[in-house]
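Let's take a walk through this structure by way of its side chains and the contacts they make. Have a look at it first, and then we'll go from one contact to the next.

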Amino acid sequence: MQEKAVGDAKVVHRLHQEKTDTVRCIKSCRPSDISCMRDLVHTVSHTVVSLPTFREFAHPEEIIFLRAVMPAHPANHADIIFDITEGNLRDSFDIVKRYVDGMTVGVVRQVRPIVGPFHAVLKLEMNYVVGGVVNHRNIVNVHIFVSEYWF
């Protein structure tokens with residue numbers, strides 16, 4: 001298992017013979033740039049994941065874990081909503097929210113068999129909602145490559 005920081009989150013890849021890489025951009029506004037400061041997006045990350053064609057597909061395969069880091073002050077406690085906003089061709093993936101050791105985790109799963117070669121870019125959003133309003137969001141673009149081979 002491999003962990004990589006992604007903004008306020010960690011991306012954890014759990015794959016056999018995994019091949020992954022992550023690049024992250026963090027927002028940094030100039031004091032006079034009001035439109036930048038009002039933009040809800042704090043980070044944009046690009047992660048590359050290479051998967052085999054699963055020969056036997058009996059249940060969803062968990063491929064990426066997004067661990068949200070919460071602020072230290074409980075008054076700022078946010079509800080985190082995970083969403084796949086683009087790139088989910090044939091509804092092959094989903095994202096479910098879990099709580100692990102007091103931490104909010106978004107689990108991206110492959111829910112349908114995919115025969116490679118196949119490439120998709122999943123655009124994931126982690127929305128931090130406080131009082132029913134999105135306070136900020138992190139975007140993770142997951143470039144998924146599925147090999148035509150099972151190894």
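**Charges, rings and bridges**

Start with Arg55, whose charged end sits over the ring of Trp150, 3.9 Å from the ring's centre. To say that a charge sits over a ring, NZ of Lys or CZ of Arg has to be within 6 Å of the ring centre and within 35 degrees of the ring normal.

A word on ground rules: this is a predicted model, where local features need pLDDT of at least 70 and side-chain atom pairs count only at pLDDT 80 or more, while totals for chains, interfaces and linings use all residues. Residues are numbered from 1 along each chain as its sequence is written, and side-chain values use heavy atoms, with hydrogens and water left out.

Now for rings meeting rings. The structure holds one aromatic pair. Phe54 and Phe57 make up this tilted pair, at 6.4 Å centre to centre and with 50° between the planes. Pairing here takes rings of Phe, Tyr or Trp (its six-membered ring) with centres within 6.5 Å; planes under 30 degrees apart count as stacked, over 60 as edge-to-face, and the rest as tilted. Phe54 is partly exposed, at 22% relative accessibility, and Phe57 is partly exposed with a relative accessible area of 22%. (Buried means under 20% relative accessible area, exposed over 50%, and partly exposed in between, using a 1.4 Å probe and protein chains only.)

On to the charged pairs. Side chains of opposite charge can pair when their charged atoms come close. How many salt bridges does the structure hold? There are five, each being a side-chain nitrogen of Lys or Arg within 4 Å of a carboxyl oxygen of Asp or Glu.

One of them joins Glu62 to Arg98, with the closest N and O atoms 2.4 Å apart. That pair links distant parts of the chain, as Glu62 is in strand β5 (residues 61-68) and Arg98 is in strand β7 (residues 93-100), 36 residues apart. Strands are DSSP runs (E, at least two residues) and helices are too (H or I, at least four), numbered from the N terminus. Glu62 is partly exposed at 27%, and Arg98 is partly exposed at 30%.
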